[in-house]
Amino acid sequence: MNEKRRLKSLVSETHCVDWFDCLLRDQSHRGHESHDVMISCTRRVQFCSGHRVFGHEGKCRHLHGHNYVAFITAQADELDAVGRVIDFSVLKERIGGWIDREWDHGCVLWEGDSEAIAAVGACQPSKIFRLPTNPTAENMADHLLRIVSPMELVGTGVRVVSVRLWETENCYAEAGECIG
Ligand SMILES: [Zn+2]
C-alpha cells in the first residue's frame with residue numbers, strides 16, 4: 001500500500017477526514033515550496049569611472065565621475081559539491097577583473113559620442129571604454145549582465161541573473177532576467 005492510501009485508511013479509522021485533507025494540502029504545499037526555492041549568491045564590486053550622459057537635459061551631460069558599486073547576482077542549476085552557486089572569489093576575479101581592466105579609473109563613453117572620446121583621448125594616457133549605448137547606470141548594468149557576465153563565466157555552468165548598479169548612494173539601476 002502506498003503512503004497516501006495507508007494514511008487515508010489510517011485516518012478513515014479515526015473518521016477524521018478533514019484532518020486528512022488538511023494533511024494532504026499541507027504536504028502538497030510544503031513540497032511545492034521546496035521545488036520553488038532558487039538560491040543565488042551576490043558579489044559586491046566597487047569601481048570609479050568617468051562618463052557623461054549624451055543628450056541629458058541637465059548636469060549629467062558634463063564629463064564627471066562616480067564611485068560605482070555593482071552587485072552581481074549569480075545562479076546555477078544546482079549547488080556544487082561544497083554547497084555553493086560559485087565561489088565569491090571567482091565572481092570577483094572574473095567579472096570584477098573585467099571591470100578593473102575596462103572601466104575602473106577610466107572613462108565610459110557612448111561609442112557615438114565622438115566629441116567626448118576625442119576630448120578625453122587628447123589627454124594621454126587615457127583609458128576610454130566605448131559603450132554601444134549611452135553610459136547610464138541602466139545601460140552599464142545591462143552591459144555587465146548580457147555581455148560581460150556570459151563571456152567571463154563561460155565554462156562555469158553559472159549565469160548572472162541580475163546586476164544592480166549603484167551610481168550614487170541614492171540611485172541604482174538594475175538589469176535582470178525576466179521570470180517566466
Ligand atoms: Zn553620472
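Author: The following account concerns helix H3 and the sheet and core around it. The model is a predicted one, and H3 covers residues 88–102. This helix has 15 residues and spans 20 Å from its first C-alpha to its last, close to the 21 Å expected at 1.5 Å a residue.

H3 lies across E1, E2, E3 and E4, and runs at about 15° to E1. These strands belong to an open sheet of 6 strands with mixed pairing, in the order E4-E3-E1-E2-E5-E6. Strand E4 (128–131) and strand E6 (172–176) stand at its edges with a single partner strand each, so one side of each has no neighbour in the sheet. On average, neighbouring strands are turned by 35° against each other, direction ignored.

Finally, there is the core. The largest nonpolar core has 30 residues, and Ala70, Ile72 and Ala74 are among those with the most contacts inside it. H3 gives two or more residues to this core, as do strand E2 (64–76), strand E3 (106–110), helix H5 (137–152) and strand E5 (158–166). The largest share, 6 residues, comes from H5. Beyond its neighbours within four places in sequence, Ile72 is in contact with Leu91 and Ile95, and also with residues including Val45, Val160 and Val163.

Notes:
Residues are numbered from 1 along each chain as its sequence is written. This is a predicted model: local features need pLDDT of at least 70, side-chain atom pairs count only at pLDDT 80 or more; totals for chains, interfaces and linings use all residues. A nonpolar core is a set of buried Ala, Val, Leu, Ile, Met, Phe, Trp, Tyr and Cys residues joined through C-beta atoms within 7 Å. A residue is buried if 20 or more other C-beta atoms lie within 10 Å of its own, exposed if 12 or fewer, and partly exposed in between; C-beta atoms are placed from the backbone. Helices (H or I, at least four residues) and strands (E, at least two) are DSSP runs, numbered from the N terminus. Two residues are in contact if their C-beta atoms, placed from the backbone, lie within 7 Å. The expected span of a helix is 1.5 Å times one less than its number of residues. Two strands pair if DSSP finds at least two bridges between them. Axes are lines fitted to C-alpha atoms, for helices over the stretch in contact, and angles run from 0 to 180 degrees between N-to-C directions.
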